[in-house]
Amino acid sequence: MVPTTHGTEKIAASLASNTCACGAGKPPGRSFCRMCSYDLHPRLRGQLTKRNMGEGYEEAHRAALAKLVELKRVTPDEAARSGL
Ligand SMILES: [Zn+2]
């Protein structure tokens, strides 16, 4: 797999933020708000932990954003700001 750093800063900022990509509040250190997290597959949700940073977290974060756009929870613009 080719390593990619594209959007990594945005993803780190998104993780540290207290606002979810959808605009709702979330605790810093969590990837998404409760409602968005609930819509993700449990396996994907399980990969979205801070200790996975650099170990697949970025890919999981992007997959989650793509899924949230598909579900229309997040607009493509919002997803782009969060590192998609
Ligand atoms: Zn959300």
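Tutor: Of the 84 residues in the protein chain, 29% are buried. Buried means that 20 or more other C-beta atoms lie within 10 Å of a residue's own; exposed means 12 or fewer, partly exposed is in between, and C-beta atoms are placed from the backbone. The model is predicted: local features need pLDDT of at least 70, side-chain atom pairs count only at pLDDT 80 or more, and totals for chains, interfaces and linings use all residues. Residues are numbered from 1 along each chain as its sequence is written.

First, the setting. The protein chain has 5 helices and 0 strands. From the N terminus, its elements run α-α-α-α-α. Helices (H or I, at least four residues) and strands (E, at least two) are DSSP runs, numbered from the N terminus. The C-alpha trace spans about 30 × 25 × 20 Å along its principal axes.

Now the part itself. Helix 4 covers residues 57–70. Its 14 residues should span 20 Å at 1.5 Å a residue, and its end C-alpha atoms are 20 Å apart, which agrees. The expected span is 1.5 Å times one less than the number of residues.

Which residues of helix 4 are buried? They are Tyr57, Glu58, Ala60, His61, Ala64, Leu65 and Leu68. These cover an arc of only 160 degrees around the axis, so they sit on the same side of helix 4. The arc is that of the directions from the helix axis to the C-beta atoms. An α-helix has 3.6 residues a turn, so residues three or four places apart point the same way.

What covers that side? The cover includes helix 1, helix 2 (34–39), helix 3 (42–47) and helix 5. Ala64 gives a local view: it touches Ser31, Phe32, Leu40, Leu44 and Leu48, leaving out residues up to four places away in sequence. Contact means C-beta atoms, placed from the backbone, within 7 Å.

Next, the core. The largest nonpolar core has 14 residues, and those with the most contacts inside it are Ala21, Cys22, Ala64, Leu65, Leu68, Val74 and Ala79. Helix 4 gives the most to this core, with 5 residues. A nonpolar core is a set of buried Ala, Val, Leu, Ile, Met, Phe, Trp, Tyr and Cys residues joined through C-beta atoms within 7 Å.

Look at the partner, helix 1. The buried residues of helix 1 (residues 8–16) are Ile11, Ser14 and Leu15. They fall within an arc of 100 degrees seen down the axis, so they line one face of helix 1. Helix 4 is included in what covers them. On the other side of helix 1, Glu9, Ala13 and Ala16 are exposed.

Lys72 follows helix 4 and is found in the loop between helix 4 and helix 5. Its phi is positive, about 65 degrees, although Lys72 is not a glycine. Most residues other than glycine have a negative phi. Lys72 counts as exposed because it has 8 C-beta neighbours inside 10 Å.

Key
Two residues are in contact if their C-beta atoms, placed from the backbone, lie within 7 Å.
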